[in-house]
Amino acid sequence: MLKDLVKKNRSYRGYDETYQFTKEELIDFVDHAKLAPSSVNAQPFRYVLAWEKEKVDRIRPLTKWARALPELELPHKGKWPTGFIIICQDLRISESLSRYQKDVGICAQTILLAAVEKGLGGCMIGNFNANEVKTKLNLSDYLAPMLIIALGKPDETILLEEIEEGESIKYYRDEADRHHVPKRKIEDIIVW
């Protein structure tokens, strides 16, 4: 069952905008993340939740999507996420942003797996200006935005494809706007 969830947990860049999150749904996702392991159990993160249209609309222009496909504007018009969770590090706990990078990933993956389990999905967005996010959302000085997680009901097709050693790992869109994600074979990634 976990492997099925992991397969469904893609970086979605197209959503059904009619789906609206509740505050309780986003709190539940963070409740999953708070259970994740934390380096020296520091638990240095605070979470900004956005489910109301006004706040979602403030965050949308702060995000940059699909850097490997600069020729495309993603998400397409009318396919934007309807929720966001921003993982921020509480600088009062630790000012070292690099120390907890792995913890950010663990928490983000936990949130996304919780979303996928409910038939939803998301995308981790690291391409943003942290100072701009902090300013536009009026965040306290002690909060450092580390990662933005876009969330919604996926409305696109993503295909995983096994590739041969040496083939391109660059994801791409085909003429039907299906998103293809090349993945290396298991025998090519295990060192014996």
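This is a predicted model: local features need pLDDT of at least 70, side-chain atom pairs count only at pLDDT 80 or more; totals for chains, interfaces and linings use all residues.
A residue is called exposed here when its relative accessible area is over 50%, buried when that area is under 20%, and partly exposed in between.

**Figure 1. The whole protein, before we zoom in.** The protein has six helices and seven strands. Read from the N terminus, the elements go α-α-β-α-β-α-β-α-β-β-β-β-α. The radius of gyration comes out at 17 Å against the 16 Å that the globule rule gives for 192 residues, so the protein is as compact as a globular protein of that length. Along the principal axes, the C-alpha atoms fill a box of roughly 45 × 45 × 30 Å. As for what is hidden, 43% of the 192 residues count as buried. Take the contacts between residues at least 6 apart in sequence, and 73% of them join residues at least 24 apart.

Figure 2. Searching the whole structure turns up three aromatic pairs. In one of them, F21 and F29 sit edge-to-face, 6.4 Å centre to centre and with 80 degrees between the planes. Both partners are tucked away: F21 is buried because its relative accessible area is 4%, and F29 is buried too, at 0%. Zoom out a touch and Y19 joins in, as ring pairs link Y19, F21 and F29 into a cluster.

**Figure 3. Two tryptophans, one loop.** The rings of W65 and W80 have centres 5.9 Å apart and planes at 90 degrees; planes over 60 degrees apart count as edge-to-face, so this pair does as well. Both W65 and W80 belong to the loop between α3 (53–59) and β2 (83–90), yet they are 15 residues apart, and the pair links distant parts of the chain. W65 has a relative accessible area of 11%, so it is buried. W80, at 15%, is also under the 20% limit and therefore counts as buried.

**Figure 4. A cis peptide bond at P75.** Most peptide bonds are trans. The one joining L74 and P75 is cis, with omega at about -10 degrees. P75 is in the loop between α3 and β2.

Figure 5. A negative phi is what most residues other than glycine have. N41 is not a glycine, but its phi is positive, at about 55 degrees. It is found in the loop between α2 and β1 (45–50). With 54% relative accessibility, N41 is over the 50% limit, so it counts as exposed. Q43 is not a glycine either, and its phi is about 50 degrees, again positive. Q43 lies in the loop between α2 and β1. At 42% relative accessibility, Q43 falls between the two limits and so counts as partly exposed.

Figure 6. N9 is placed in the loop between α1 (2–8) and α2 (23–33). Is N9 buried or exposed? Its relative accessible area is 10%, so N9 is buried. Setting aside residues up to four places away in sequence, N9 touches Q109, L112, L113 and V116.

**Figure 7. I106 up against A36 and P37.** I106 is found in helix α4 (residues 101–117). Its relative accessibility is 34%, so I106 counts as partly exposed. Which residues does I106 touch, if those up to four places away in sequence are not counted? They are A36 and P37. From I106 to A36 is 70 residues in sequence, but the C-alpha atoms are 6.9 Å apart in space.

**Figure 8. D57 and P81.** D57 has its place in helix α3. With a relative accessible area of 31%, D57 is partly exposed. D57 and P81 are 24 residues apart in sequence, and their C-alpha atoms are 9.8 Å apart.

Definitions and conventions
Residues are numbered from 1 along each chain as its sequence is written. Side-chain values use heavy atoms; hydrogens and water are left out. Helices (H or I, at least four residues) and strands (E, at least two) are DSSP runs, numbered from the N terminus. The radius of gyration is taken over C-alpha atoms; the globule rule is 2.2 Å times the number of residues to the power 0.38. Buried means under 20% relative accessible area, exposed over 50%, partly exposed in between (1.4 Å probe, protein chains only). Contact means heavy atoms within 4.5 Å. Rings of Phe, Tyr and Trp (its six-membered ring) pair if their centres lie within 6.5 Å; planes under 30 degrees apart count as stacked, over 60 as edge-to-face and the rest as tilted.
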